[in-house]
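Have the coordinates open and follow along.

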Amino acid sequence: DTDDWPSSFLCPITLEVMKDPCILRQTGHTFERVELEQHLLRHQRCPLSNIELSDTTIVPNHALRQAIQDHTALLERLRAAQPPHP
């Protein structure tokens with residue numbers, strides 16, 4: 001359920017929480033690596049801005065990956081602290 005997640009943690013292609021967020025260097029937008037690689041095999045445009053790409057280099061977004069991991073751990077702690085439903 002993505003309601004517990006900041007929208008910046010969601011891949012713009014899948015609308016799911018990213019596990020391996022990567023930046024498309026030319027545009028600065030972040031996507032899930034696998035989804036972006038698949039998109040770039042078929043298109044030479046940014047999937048978010050539709051800008052034609054002259055550079056398809058992707059780089060890991062380490063800061064976002066760590067923030068997602070931290071948020072995951074927080075949600076797990078909060079869920080574990082909740083009393084069970086009758």
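Q: What is the order of the elements in the protein chain, from the N terminus on?
A: The order is β-β-α-β-α. That gives two helices and three strands. Please keep in mind that this is a predicted model.

Q: How do you know how the protein chain compares with a compact globule of 86 residues?
A: Such a globule would have a radius of gyration near 12 Å, whereas the protein chain has 16 Å. The box filled by its C-alpha atoms, taken along the principal axes, is roughly 55 × 25 × 15 Å.

Q: What share of the 86 residues counts as buried?
A: The share is 26%.

Q: Why is C22 called buried?
A: The cut-off is under 20% relative accessible area. C22 has 0% relative accessibility, so C22 counts as buried. This residue is found in strand β1.

Q: What makes up the surroundings of C22, leaving aside its neighbours within four places in sequence?
A: The contacts of C22 include H29, T30, F31 and R33, and also I58, V59, P60 and N61. A contact here needs heavy atoms within 4.5 Å. As for E32, ten residues along the chain from C22, the two C-alpha atoms are separated by 6.1 Å.

Q: Why is the pair of D4 and R79 called a salt bridge?
A: The rule asks for a side-chain nitrogen of Lys or Arg within 4 Å of a carboxyl oxygen of Asp or Glu. The closest N and O atoms of D4 and R79 are 2.9 Å apart, so the pair meets the rule. D4 sits in the segment before β1 (21-24) and R79 in helix α2 (residues 62-81), so this pair links distant parts of the chain, 75 residues apart.

Q: Why do D4 and R79 count as partly exposed?
A: Partly exposed lies between the buried limit, under 20%, and the exposed limit, over 50%. D4 has 35% relative accessibility, so D4 counts as partly exposed. R79 has 46%, so R79 counts as partly exposed too.

Q: How do you know that R33 and D20 form a salt bridge?
A: Their closest N and O atoms are 2.8 Å apart, and the limit is 4 Å. R33 lies in helix α1 (residues 33-42) and D20 in the segment before β1, so the pair ties together parts that are 13 residues apart in sequence. With 22% relative accessibility, R33 counts as partly exposed.

Q: What makes R65 and D20 a salt bridge?
A: The N to O distance between their side chains is 2.6 Å, again to be set against the limit of 4 Å. R65 is in helix α2 and D20 in the segment before β1, and the pair links distant parts of the chain, 45 residues apart. R65 has a relative accessible area of 21% and is partly exposed.

Key:
Residues are numbered from 1 along each chain as its sequence is written. This is a predicted model: local features need pLDDT of at least 70, side-chain atom pairs count only at pLDDT 80 or more; totals for chains, interfaces and linings use all residues. Side-chain values use heavy atoms; hydrogens and water are left out. Helices (H or I, at least four residues) and strands (E, at least two) are DSSP runs, numbered from the N terminus. Buried means under 20% relative accessible area, exposed over 50%, partly exposed in between (1.4 Å probe, protein chains only). The radius of gyration is taken over C-alpha atoms; the globule rule is 2.2 Å times the number of residues to the power 0.38.
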